[in-house]
Amino acid sequence: MLYRIYTEDKPNLNRLAGAYFDGFTLLQGIGYWKGQPEACAVIEIIAEESEAKAIYCLARSIRLTNHQESVLVVSLPVTHKFIID
């Protein structure tokens, strides 16, 4: 599964995500909430469905630590293969 966590961009996201997962991608940009622009981030993690609990724990940790009203989690089925040679 590909999990995406949509959140406000804060300097502690690397530390928070790294506490749960060894590998992830952090994308930064500008998002809009209630018509207002804000710095946003998307954390992408490819993980097994059995790791969904850790995804939701991370999202909750981000929301509580950064005093956010909400954090969005999206999950998408994907096929993946690591190319190592």
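Helices (H or I, at least four residues) and strands (E, at least two) are DSSP runs, numbered from the N terminus. The structure described here is a predicted model, in which local features need pLDDT of at least 70 and side-chain atom pairs count only at pLDDT 80 or more, while totals for chains, interfaces and linings use all residues. Residues are numbered from 1 along each chain as its sequence is written, and side-chain values use heavy atoms, with hydrogens and water left out.

Confidence is expressed as pLDDT, the predictor's own score for each residue, from 0 to 100. The mean pLDDT of the chain is 95, and 100% of the residues reach at least 70. Strand β2 (residues 25-33) has the lowest confidence, with a mean of 94, whereas helix α2 (residues 52-65) has the highest, at 98.

Strand β3 contains Glu 44. With neighbours within four places in sequence set aside, the contacts (heavy atoms within 4.5 Å) of Glu 44 are Leu 2, Tyr 3, Arg 4, Phe 24, Thr 25 and Leu 27. The C-alpha atoms of Glu 44 and Thr 7 lie 11 Å apart, with a separation of 37 residues in sequence.

Three salt bridges are present in the structure, a salt bridge being a side-chain nitrogen of Lys or Arg within 4 Å of a carboxyl oxygen of Asp or Glu. One of them joins the side chains of Glu 44 and Arg 4, with an N to O distance of 2.8 Å. This pair connects distant parts of the chain, Glu 44 in strand β3 and Arg 4 in strand β1, 40 residues apart. Solvent exposure is classed by relative accessible area as buried (under 20%), exposed (over 50%) or partly exposed (in between), with a 1.4 Å probe and protein chains only. Arg 4 is partly exposed because its relative accessibility is 25%.

A salt bridge is also formed by Lys 10 and Glu 8, whose closest N and O atoms are 3.6 Å apart. Lys 10 has a relative accessible area of 29% and is therefore partly exposed; Glu 8, at 24%, is likewise partly exposed.

The side chains of Lys 34 and Glu 69 form a further salt bridge, at 3.6 Å from N to O. Lys 34 belongs to the loop between β2 and β3 and Glu 69 to the loop between α2 and β4, so this pair ties together parts 35 residues apart in sequence. Both residues, Lys 34 and Glu 69, are exposed, the relative accessibility of Lys 34 being 63%. Lys 34 is not a glycine, yet its phi is positive, at about 55°. In general, most residues other than glycine have a negative phi.

Helix α2 has 14 residues, which at 1.5 Å a residue should span 20 Å, and the end C-alpha atoms are 20 Å apart, in agreement. The expected span is 1.5 Å times one less than the number of residues. The buried residues in α2 are Ala 52, Ile 55, Leu 58, Ala 59, Ser 61 and Ile 62. An α-helix has 3.6 residues a turn, so residues three or four places apart point the same way. The elements covering the buried residues of α2 include β1 (2-8), α1 (13-18), β3 (36-46) and β4.

The loop between α2 and β4 contains Asn 66 and His 67. Asn 66 has a relative accessible area of 10% and is therefore buried. Apart from neighbours within four places in sequence, Asn 66 contacts Lys 10, Asn 12, Leu 13 and Leu 16. His 67, by contrast, is exposed, with a relative accessible area of 72%. Just after α2, His 67 adopts a positive phi of about 55°.

Ile 46, Leu 76 and Val 78 make a nonpolar surface patch of about 220 Å². Patches are made of residues with over 30% relative accessible area and no salt bridge, like charges being joined within 9 Å and nonpolar side chains (Val, Leu, Ile, Met, Phe, Trp, Tyr) within 5 Å. Accessible areas come from the Shrake-Rupley method with a 1.4 Å probe, and for residues only the protein chains shown count as cover. Val 78 lies in the segment after β4 (72-76) and is partly exposed, at 33% relative accessibility. His 80 is also placed in the segment after β4, and its relative accessible area of 38% makes it partly exposed. The C-alpha atoms of His 80 and Glu 38 are separated by 32 Å, the two residues being 42 apart along the chain.
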